[in-house]
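Here's a quick briefing to read with the model open beside you.

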Amino acid sequence: MIKFRNFIKKYFPALAIVFLSVAIICVIINIISIFSVNFSDFFNNTIAAFFRFLLAKITNIFPFSFAEILIIISPAVIVFLFRLLYRYCKKGKIYVCRFFAVFVSAVTVFYSLFVLTFACGYRGTSLDNKLGLTRSDVSASELAQTLSIVIAGLNDCAHLTEYGSDDLSVMPYSFRELSDKLNEEYKSFASENDFIKNYKSNVKSVILSEPMTYTHISGVYTFFTGEANVNVNYPDFTLPFTMAHEMAHQRGIAREDEANFIAFLLCVQSEDIYIRYSGYLGIFDYLTSALSRADKNLYYQTIESVRSEIIAEQI
C-alpha cells in the first residue's frame, strides 16, 4: 500500500488524481443509468440540469461561441503540447509520465462533462411518455392529413411573411432578438411541462458558419461549454426552428428526434408569425419525405395547395 501511494504521488499530480477520480465516479453513474430509467430521469432533471445551467450561465458571459474558439485554437494547443512533451523527454522519465498523467486526466474531463450534463438524457423516459402521447405506425392517409394541417398553417403564415428579391423569407428581427423571443417561448413552455427547465441563455452564432455549411450541420449543442450554437449561413427561415432545437438539447432533451419535436411544438404554439412559419417549415420536409415514400400520388395531391413562396424556399 505504501509503495502504491508513493507511486501515485510520484507520477500523478494532484489535479490529475482529482480529474481521474471524477471520471471513475462518472463511469459508475453511466453504468447505473444504462440499467435504470428512473435513475436517468432523476439525474437528468436534477444534477445534470444544474451542470447544464451552470455551464450555460458561465459561457453567457462571452458574446461569441466559447466552444468554437476552443476548436479554432486547438491546433495551436496541440503544437504547444508536443513542444512541452519534447522538453520533458529531455528531463527524464518521471516528467514524461507526469505529463501523460495530466494529459489523459484532462481528456477524461470531456467524458465526465458528457455524463454530468447529457448522457442520462438518452436513457430516460421517452418524450412521448412525458407528453402522454402514444407512439404508433401511421398510414399514408394519416400522413397526408397531418401534412395538410401543416400546409394550412404554413400558408397562413406565408401570407403575413415578407420575402426578399431572392424569393427567400426575411426574418423581421435580429439574431439576438430571436434568441430573446425563444427564451420567452421556453419560459411559457416550461410552465406547462415540468421536464423542461426554464432559464435564460444566449444562443451563439457560429463565426465559421460558411465552412460549417459544407458539413450540412445547421446547429450544435456543445455539452462541454453548455452552449447552443447555430449556423447563420443558412436561410432565415431555418433559424427559429434550429435555435429552438439546440435550446431543447440545452434543457436536457438529448435525443435528436425529440429535440426536433420540442422545437416544432414550441414554434407552432408561438404567437409570433415568423417563429410559427419556421416551426411548420421545420417539420414540413420530414412529412413530405415520409408521404412521398409511402404514397406518391397522395403526396402530389396533398402538396398542390402549398403556396408558391413556400415552394421557392425549399428549392
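Helices (H or I, at least four residues) and strands (E, at least two) are DSSP runs, numbered from the N terminus, and two strands pair if DSSP finds at least two bridges between them. With that in hand, look at the hairpin of E2 and E3: four residues sit between the strands, and glycine 226 takes a positive phi near 75° there. Keep in mind that this is a predicted model, where local features need pLDDT of at least 70 and side-chain atom pairs count only at pLDDT 80 or more, while totals for chains, interfaces and linings use all residues. Residues are numbered from 1 along each chain as its sequence is written, and side-chain values use heavy atoms, with hydrogens and water left out.

**The sheet**

- Three strands make an open, mixed sheet in the order E1-E3-E2.
- Strand E1 (204-205) and strand E2 (219-222) are the edge strands, each with a single partner, so one side of each has no neighbour in the sheet.
- E2 and E3 run antiparallel and are joined by four bridges.
- Tyrosine 221 stands opposite alanine 228 in E3.

**Glycine 226**

- This glycine lies in the loop between E2 and E3.
- Is glycine 226 buried or exposed? Glycine 226 is buried, at 0% relative accessible area; buried means under 20%, exposed over 50% and partly exposed in between, using a 1.4 Å probe and protein chains only.
- Leaving aside residues up to four places away in sequence, glycine 226 touches Leu55, Ala56, Thr59, Tyr221 and Gln250 (contact means heavy atoms within 4.5 Å).
- The C-alpha atoms of glycine 226 and phenylalanine 51 are 8.4 Å apart, though 175 residues separate the two along the chain.

**Other positive phi values**

- Aspartate 167, in the loop between H8 and H9, has a positive phi of about 70° although it is not a glycine.
- Aspartate 167 counts as partly exposed, at 47% relative accessibility.
- Histidine 216, in the loop between helix H10 (209-213) and E2, is another non-glycine with a positive phi, near 60°.
- Histidine 216 is exposed, with a relative accessible area of 68%.

**Nonpolar cores**

- A nonpolar core is a set of buried Ala, Val, Leu, Ile, Met, Phe, Trp, Tyr and Cys residues joined through side-chain atoms within 4.5 Å.
- The largest one has 53 residues, and those with the most contacts inside it are Leu154, Leu178, Tyr186, Met243, Ile262 and Tyr277.
- Among the elements giving two or more residues to this core are helix H8 (140-158), strand E3 (227-230) and helix H13 (273-294).
- H13 supplies the largest share of this core, ten residues.
- A second, separate core has seven residues, including Phe43, Val115, Leu116 and Cys120.
- Not counting residues up to four places away in sequence, tyrosine 186 touches several residues, among them Ile196, Met247, Arg251 and Leu266.

**The largest pocket**

- On a 1 Å grid over the protein atoms alone, a pocket is an open set of points where a 1.4 Å probe fits, with protein on both sides within 12 Å along at least five of seven lines; lining residues have an atom within 4 Å of a point.
- The largest pocket is lined by 23 residues, with Arg135, Val138, Phe261, Ile283 and Leu287 nearest its centre.
- H12 gives the largest share of that lining, six residues.
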